[in-house]
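These are my notebook entries on one protein structure, written down in the order in which I looked things up.

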Amino acid sequence: MNIKQFRALLCYDLRYGFQSNRGKWLFALLVQVYFCTLAGRLSLISNTPIGFWERLTFLFQGLPEYHLSQTGTFELPVHWLIFHAFLLFLAGFYPVQELTQSGGQAFIRSGRRGYWLLSKALWACATVAGFYLMLAGVLAVCSLPVGGPWAPPATMAVLFGIYMTELSFAEIVLYWWVMPILVSAALCLTEVLLSLFIEPLLAFFVMLSCLVASVFWTSPALIGNYSMLLRSRLLSGNPAISPRNCAAVCLSLIVAASVLGTALFRSKDILFLRGGQE
């Protein structure tokens, strides 16, 4: 298979994958608008201008580390969990759906299993990128009344329970944007590969369980911690939840899932997926 054929396969996945999910994308847009609107209402309580980064703080702040006690209650960061769960819902079902509903035509024409799998992995990355670009657009539009999308967050002020000290713009982008994207990419790629060997819905709940476990335990091995601002080294002082560890854990998960998934997929009989004959 040459580069031209692979490009055609990738274009097919991008076009058909996004087209088949257009209803989900519309609902995702409405959910993001709701979260940004809900964050804006908090400005009435805090008397603080709510812009791009403040709304992102509201979405990604998460919860502090949970400590078991007789009086303590376990809570979930609802907005953070719904945001990541919906992205997993967008990414996890298309590869198997493409095999079953189209009779595996793209798989047959790809010529090699590795190319088909690589195209699906790139589609998953494109889904993550599109989801965050849509969020950036929603945040930018909602932030226009308070100085535009790239106005820096208020410093030395209490925002949603987070004490913001003087931060460089690079630090803000790294913790508020880059780390959550890395976490999302690792989760979605792992889910896509896992969905080829177990039911996609089960793969979805496996990854969702990892996110819930991250809320319960502040461990550098649970990558959900890296996308919660209140768990980060910058705001919690926990040295284990750092950008370096985030990159190491996310990339290790991506590499491990890719190598193991590719090896198993090449040796797996996919007749049961597409209901046809090779």
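**Entry on confidence.** The protein averages a pLDDT of 81, and 78% of the residues score at least 70. Confidence is highest in helix 5, at 93, and lowest in strand 1 (residues 158–159), where the mean is 46. Residues 155–161 also keep a pLDDT under 50, and the model has 21 contacts for them beyond four places in sequence. I reminded myself that, where pLDDT is low, the predicted coordinates should not be read in detail.

**Entry on charge.** Next I looked for salt bridges, and the count came to one. Asp13 forms a salt bridge with Lys120, with the closest N and O atoms 3.0 Å apart. The pair links distant parts of the chain, since Asp13 belongs to helix 1 (residues 3–20) and Lys120 to helix 8, 107 residues apart. Are the two partners buried or exposed? Asp13 has a relative accessible area of 0% and is buried, and Lys120, at 0% relative accessibility, counts as buried because the cut-off is under 20%. Leaving out residues up to four places away in sequence, I listed Asp13, Tyr94, Pro95 and Glu98 as what Lys120 touches. I also came across another lysine, Lys24, whose charged end sits over the ring of Phe89, 4.4 Å from the centre of that ring.

**Entry on rings.** A search of the whole structure gave me 20 aromatic pairs. One of them joins Tyr34 and Phe35, whose ring centres are 5.9 Å apart with 50° between the planes, and this pair is tilted. Tyr34 is partly exposed, with a relative accessible area of 48%, whereas Phe35 is buried, with 6%. I then turned to Phe83 and Tyr132, whose centres lie 5.5 Å apart with their planes at 80°, so this pair is edge-to-face. Phe83 lies in helix 5 (residues 78–91) and Tyr132 in helix 8 (residues 113–143), so the pair ties together parts that are 49 residues apart in sequence. Phe83 counts as buried at 2% relative accessibility, and Tyr132 is buried with a relative accessible area of 2%. Ring pairs also link Phe83 and Tyr132 into a cluster, which has among its members Phe18, Trp25, Phe60 and Trp177.

**Entry on the core.** Which members of the largest nonpolar core touch the most other members? In this core of 55 residues, they are Leu56, Phe60, Phe131 and Leu135. Several helices each supply at least two residues of this core, including helix 2 (22–41), helix 4 (52–60), helix 10 (200–216) and helix 12 (243–266). The largest share, eleven residues, comes from helix 9. Leaving aside neighbours within four places in sequence, I found Leu56 in contact with Leu135, Leu139, Trp176 and Trp177. Apart from this core lies another, of eight residues, among them Leu99, Leu193, Ala257 and Phe265. I set beside this the general point that, in soluble globular proteins, nonpolar side chains tend to be buried together.

How values were computed:
Residues numbered from 1 in each chain as written. Heavy atoms only, no water. Phe/Tyr/Trp six-rings, centres within 6.5 Å; stacked < 30°, edge-to-face > 60°. Buried < 20%, exposed > 50% of the residue type's maximum accessible area, 1.4 Å probe, protein only. Helix = DSSP H or I, 4+ residues; strand = E, 2+ residues; numbered from the N terminus. Lys NZ or Arg CZ within 6 Å of the ring centre and 35° of its normal. Core = buried A, V, L, I, M, F, W, Y, C linked by side-chain atoms within 4.5 Å. Contact = heavy atoms within 4.5 Å. pLDDT = per-residue confidence, 0-100. Salt bridge = Lys/Arg side-chain N within 4 Å of Asp/Glu carboxyl O.
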